[in-house]
Amino acid sequence: RTLRAIRIAREIFKDKLMVEELVKREVDDKVVVTDDQVKKYYDEHKADYVEPEKVVVTEITVKDEEKAKEILDKIKAGADFTELAKEMDAKGESFGPGQGNEGKTRPFSRDSFSSAKEFVEAAFNLKVGQISDIIKQPLGDNVFYMIVRLDKRIPSRQKEFSEVESKIRRIVEKRNKKDMMDKLSLIHIS
């Protein structure tokens, strides 16, 4: 009984290897992707290759609302926001996305920080140089209090063909292979 199961498994394995070799010979080795196909795909799917608007902010994030109010009062009284953010970050007293970078974030889009919608919305609603009021940001079981200054707004842009060409070439190749496999399946069925 075990010997029979081994023979069946061996036959299945050989069949699988033959199919893989056939696919390699009849599909993989014969699929051609032309530059025109790649360019056409890009032209037809340009909307998929748009980099969204992004912003860069400097932020101060604390766990205590009273501390946030004290900080905001200092800023309104003329304290330098950048210096406060640097100082608090250096002391490990700021807990936001700019932590470890003097309070400055990397560029982020509206889709970033999905668990911190209040922060993202506030950041995108500021003008460059403008400082927010205190943003109450729930995060899991915690609530953080953030003060944010918008430093830079990076407009959305269409990615150039050269930036996405290799990615599109792989997509077109995969599509062409699927089309060829479908044709082979139809020939096999007929």
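Visitor: Which residue in β5 is the bridge partner of Thr-58?

Guide: Arg-149 is the bridge partner of Thr-58, and Thr-61 has Met-146 as its partner in β5. You are looking at a predicted model, where local features need pLDDT of at least 70, side-chain atom pairs count only at pLDDT 80 or more, and totals for chains, interfaces and linings use all residues.

Visitor: What makes β2 and β5 a pair of strands?

Guide: Two strands pair if DSSP finds at least two bridges between them. Strand β2 (residues 54-62) and strand β5 (residues 142-154) are joined by 9 bridges, so they pair. Strands here are DSSP runs of E with at least two residues, and helices are runs of H or I with at least four, both numbered from the N terminus.

Visitor: Why are β3 and β4 called edge strands?

Guide: The open sheet has the order β3-β2-β5-β4, with antiparallel pairing. β3 (108-109) and β4 (135-139) each pair on one side only.

Visitor: What lies between β4 and β5 in their hairpin?

Guide: There are 2 residues between them, and Gly-140 in the turn has a positive phi of about 65°. The two strands are antiparallel over 5 bridges, and Leu-139 stands opposite Asn-142 in β5.

Visitor: Which strands does helix α3 touch?

Guide: Helix α3 (residues 65-76) packs on the sheet, touching β2 and β5; contact means heavy atoms within 4.5 Å. The direction of α3 makes about 35° with that of β5, where axes are lines fitted to C-alpha atoms, for helices over the stretch in contact, and angles run from 0 to 180 degrees between N-to-C directions.

Visitor: How do you know that the span of α3 agrees with its 12 residues?

Guide: The expected span is 1.5 Å times one less than the number of residues. That gives 16 Å for α3, and its end C-alpha atoms are 16 Å apart, so the two agree.

Visitor: Which residues of α3 are buried?

Guide: Ala-68, Ile-71, Leu-72 and Ile-75 are; buried means under 20% relative accessible area, with a 1.4 Å probe and protein chains only. They cover an arc of only 100° around the axis, so they lie on the same side of α3; the arc is that of the directions from the helix axis to the C-beta atoms. The buried residues of α3 pack against β2, α4 (81-90) and β5.

Key:
Residues are numbered from 1 along each chain as its sequence is written. Side-chain values use heavy atoms; hydrogens and water are left out. Buried means under 20% relative accessible area, exposed over 50%, partly exposed in between (1.4 Å probe, protein chains only).
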